[in-house]
Amino acid sequence: MKKPLFTTSEWNFDLIREVDQVLGDLAVEFGLDTYPNQIEVISSEQMMDAYSSVGMPIGYSHWSYGKQLLSTEHSYKRGQMGLAYEIVINSNPCIAYLMEENTMTMQTLVIAHACYGHNSFFKGNYLFRTWTDASSIIDYLVFAKNYISRCEERYGINEVEDILDSCHALMNYGVDRYKRPYPISAHEEERRQNEREEYLRKHVNDLWRTIPKSAAAESLKEEAHFPSEPQENILYFLEKNSPLLEPWQREVIRIVRKIAQYFYPQRQTQVMNEGWATFWHYTLLNELHARGYVTDGFMMEFLQSHTSVVAQPSYESPYYSGINPYTLGFSMMSDIRRICENPTDEDREWFPEIAGTNWKETLQFAMKNFKDESFILQFLSPKVMRDLKLFSIVDDDQQEKISVDAIHNERGFRKLRENLAGQYNLGNREPNIQVYNVDVRGDRSLTLHHFMHNRRPLADSTPEVLKHLHRLWGFDVHLHSVDGNEIKQSYHCGPKPH
Amino acid sequence: MSYIIDRRLNAKNKSAVNRQRFLRRYRHQIQKAVSDAVNERSITDIDKGGKISIPARDISEPVIYHGQGGYNERVLPGNRHFSEGDKIARPEGGGGQGAGGKASDSGEGMDDFSFTLSQEEFLDFMFDGLELPNLVKRQLSGLEEFKNVRGGIANEGQPGRINIVRSLRSANMRRLALTGNKRRQLQALYEELAEIEKSETDRNTFRREEIKEAIAKLERSIGKVPWLDTFDLKYNLMIKQPVPRSKAVMFCIMDVSGSMDQATKDIAKRFFILLYLFLQRNYEKTEIVFIRHHTSAKEVDEDEFFHSRETGGTVVSSALRLMQEIIADRYPPSQWDIYGAQASDGDNWGEDSDVCREILINELLPACQYFSYIEITNNEHQALWNVYETIRQQYPESFALEHIRGAGDIYPVFRELFHKKVA
């Protein structure tokens, strides 16, 4: 038996370097492909700072981050909550924060989890590869911060804050779902921004061009819609077409849109991302123990923390707050390994294509090519459903009672799996709202359609959001909830149409 | 490959600016919460920071999401007794069983947003927009207070301020300057002498004597240069700088007669405490004189002022007279900004009110920057109020009176009294 790397809970930089080295070698053995790591040791105050700017290492100033900070501080100082052990940023090199209060065991756990788990996920998963550019994000954030503070100097804090508030309200509607953004450097971004500003200054906005070139052209256009196709990226639409905005305001919209786009993959891969990282810290640390790098005491401390992370309270528990993504992800990742290594007859029937294959390759394949929704649909096994005792209910406002439509039995597995996957489909989760029409020749009002899914209405906050939309658009805004061809409910900001 | 960086020494409050943005944006709500807190808190806690809650709906950031209703399918963990096709009654409130993370986002059950203000921030909000009336920085002239500060080196001064190093250095320089030429000649003569002594001839003997004589003469002349002369002496210069003064004295006058019940005293106490905190913050140097009175007045310390009990009748003029005596004795109005604050339930001995008027108009108001009177009562105003009312009409700039009914009135009245005067 070799001598363990450490036996006490005190950490120091040499130890961290050594542990990182060992874990890095192990990760390579297991076939994990990662960005270089940048491990930063920070204090708890700095961790609260990092929290409040939604994990971005550099963010522009906004009161909502202050609100976040105040509430984190308040609960932390009163002992109502602990801080997360780590924050990891999808960048190249991949930045991970370690808190100085952590014990050496926790630092080891965090390095395994963040620097090798999350890191390899960021590098491998197709959504991240498509939608984010890890090497330019820090540059972009620096650009955004500087740009916004320049705007504050030129136009006043209140002006900028108003625009940002409105953009934040629509942030989830500022992502492209089907187009790959072209990664550019901060310098290039700045150059193009100047170019855009210049262009907009010189050219008349299309929406103002109401004088017809000829009578014939007008009659042809009479029926034409603007935009010609419905637009789901509302912020993009506003940036390009809102009639009254100044060039700098368009740029601010663009910044919020870009940041929303950067977080878009994270919103779709929570279960997979956390499951992957948890699975790998579990696997790597067990391997450390098996090879004698760490003591039994280490394992006790680690397992205690690990089990509380993957605990899933049942639906009736006061601690229940939805399905724990760590639990679901970790159970599924571990189960894939089990299916590969020790398949049962059930597994052979459900997963003929992966049962008995090389588990490392299968896991890599799953990690790289799926998002939460499709991952669950593809890999959720009857065993995991049984272990978690999943059941599905239907809450229909046209029925008097809630009914149970599937439980974890032979007949329910498929239905359960579909329903759970649907729960992670962003398209179902977020109301589907699209820019439908602009009354170009009339009052310039903007009409949006909400295409209802399962007759679900919009929440009470909608009129407030419309006010923000109205601020960005500058003219009346109408939003219709549409089910089939029937308008179920309408929201208006500005005077009602006749 | 990994880089490991110690960031702990970096600035901690990267988000301080965001925090300030938040406080700035919700100034009004926070101010209201702070002023509620001031009314509710006990006296000893009043200047601490602490938990503040403002309504969450005011600060919500609205986003679009699904509301309740329609057809929902939901997968839940931890089934124990349900089978397919079971019907479950809808829970009260129609919330659905733990509607996932979404319902809590909408803010159900979170009516208030709570956070912690530091003491500094708390007091800033409490005193925001208040400024003592007629607060004048005295002109830098007349009976000013000075402080001595070093002002470099001078050629004249008292013997006690001699700067030895500088004096000796200057003496040294003078000696070098005065004797330089002679020393050079002396040097040359010594060299010549040495030369001559090597080759001894008779002709040289004469020359040697000549040289020796010249040397002696030069040395005498060098020796005559004084080692220290009077104009070598350097003195440390002290100059007097006028100190812009913001010294204030506050007279707190409170009626502790039998007619003041405990609740009334409590209100008065709170008012004075606000005043006290306020002055401490706004003047570099603040002194406070506590005068309590019934039929006779007495100067007491803070603890006794607020905490001991006495009973008896009421003669307000006794307190005013004592205040006037103390001013004459210890606080010349030329050096101090004087503020008076009086709290009472309005009771006074019949004929005494006119005496008060005389003292105030003739003695106190000319000396005071400001004199405020608060009356804490639920009853009709009595003679004292009416007399004071006439004084206010005469001196609206430096005299104020306000009426307080309950604890909730204190802070608004306090703000009213010390409202920042728009120039």
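The model is predicted: local features need pLDDT of at least 70, side-chain atom pairs count only at pLDDT 80 or more, and totals for chains, interfaces and linings use all residues. Residues are numbered from 1 along each chain as its sequence is written, while chains are lettered from A and ligands numbered from 1 in the order in which they are written. Chain B contributes 56 residues to its contact with chain A, and chain A contributes 82. Two residues are in contact if their C-beta atoms, placed from the backbone, lie within 7 Å.

- Chain B holds 12 helices and 13 strands. Helices (H or I, at least four residues) and strands (E, at least two) are DSSP runs, numbered from the N terminus.
- Of its 423 residues, 25% count as buried. Buried means that 20 or more other C-beta atoms lie within 10 Å of the residue's own; exposed means 12 or fewer, and partly exposed lies in between, with C-beta atoms placed from the backbone.
- Take the contacts in chain B between residues at least 6 apart in sequence: 82% join residues at least 24 apart.
- On the side of chain B that touches chain A, the elements giving two or more residues are strand 1 (2–6), helix 1 (16–25), strand 3 (71–76), strand 4 (87–88), helix 3 (100–105) and strand 5 (112–117) of chain B.
- Helix 1 of chain B supplies the largest share of that side, seven residues.
- By class, that side of chain B has 20 nonpolar, 21 polar and 15 charged residues. Ala, Val, Leu, Ile, Met, Phe, Trp, Tyr, Cys and Pro count as nonpolar, Asp, Glu, Lys and Arg as charged, and the others, Gly among them, as polar.

- An open sheet of four strands runs in the order 3(B)-4(A)-5(A)-4(B), with antiparallel pairing. Strand 3 and strand 4 of chain B are at the edges with a single partner strand each, so one side of each has no neighbour in the sheet.
- Two strands pair if DSSP finds at least two bridges between them.
- Within chain A, strand 4 (residues 391–396) pairs with strand 5 in the antiparallel sense over four bridges. One bridge partner pair there is A:Val394 and A:Ser403.
- Helix 19 (residues 413–423) of chain A lies across strand 4 and strand 5 of chain A together with strand 3 of chain B. Helix 19 of chain A runs at about 105° to strand 3 of chain B.
- A:Arg411 sits in the loop between strand 5 and helix 19 of chain A. A:Arg411 counts as exposed because it has 10 C-beta neighbours inside 10 Å.
- A:Arg411 and A:Glu189 are 222 residues apart along the chain, and their C-alpha atoms are separated by 55 Å.

**Helix pairs in chain A**

- Axes are lines fitted to C-alpha atoms, for helices over the stretch in contact, and angles run from 0 to 180 degrees between N-to-C directions. Angles under 35 degrees count as roughly parallel, over 145 as roughly antiparallel, 65 to 115 as roughly perpendicular and the rest as oblique.
- A crossing is left-handed if the near helix is turned anticlockwise from the far one by less than a right angle, and right-handed if clockwise.
- Helix 4 (residues 104–124) and helix 13 (residues 296–309) of chain A pack at about 60°, with axes 9 Å apart. That makes helix 4 of chain A oblique to helix 13 of chain A. The crossing is right-handed. A:Thr105, A:Met106 and A:Leu109 of helix 4 meet A:Phe298, A:Glu301, A:Phe302 and A:Ser305 of helix 13. The contact has four nonpolar, two polar and one charged residues.
- Helix 2 (residues 44–52) and helix 3 (residues 63–77) of chain A cross at roughly 140°, their axes coming within 8 Å. The two are therefore oblique to each other. Their crossing is right-handed. Helix 2 brings A:Met48, A:Tyr51 and A:Ser52.
- Helix 14 (residues 325–341) and helix 16 (residues 359–369) of chain A pack at about 140°, with axes 9 Å apart. This crossing is right-handed. By class, the contact has six nonpolar, one polar and two charged residues.
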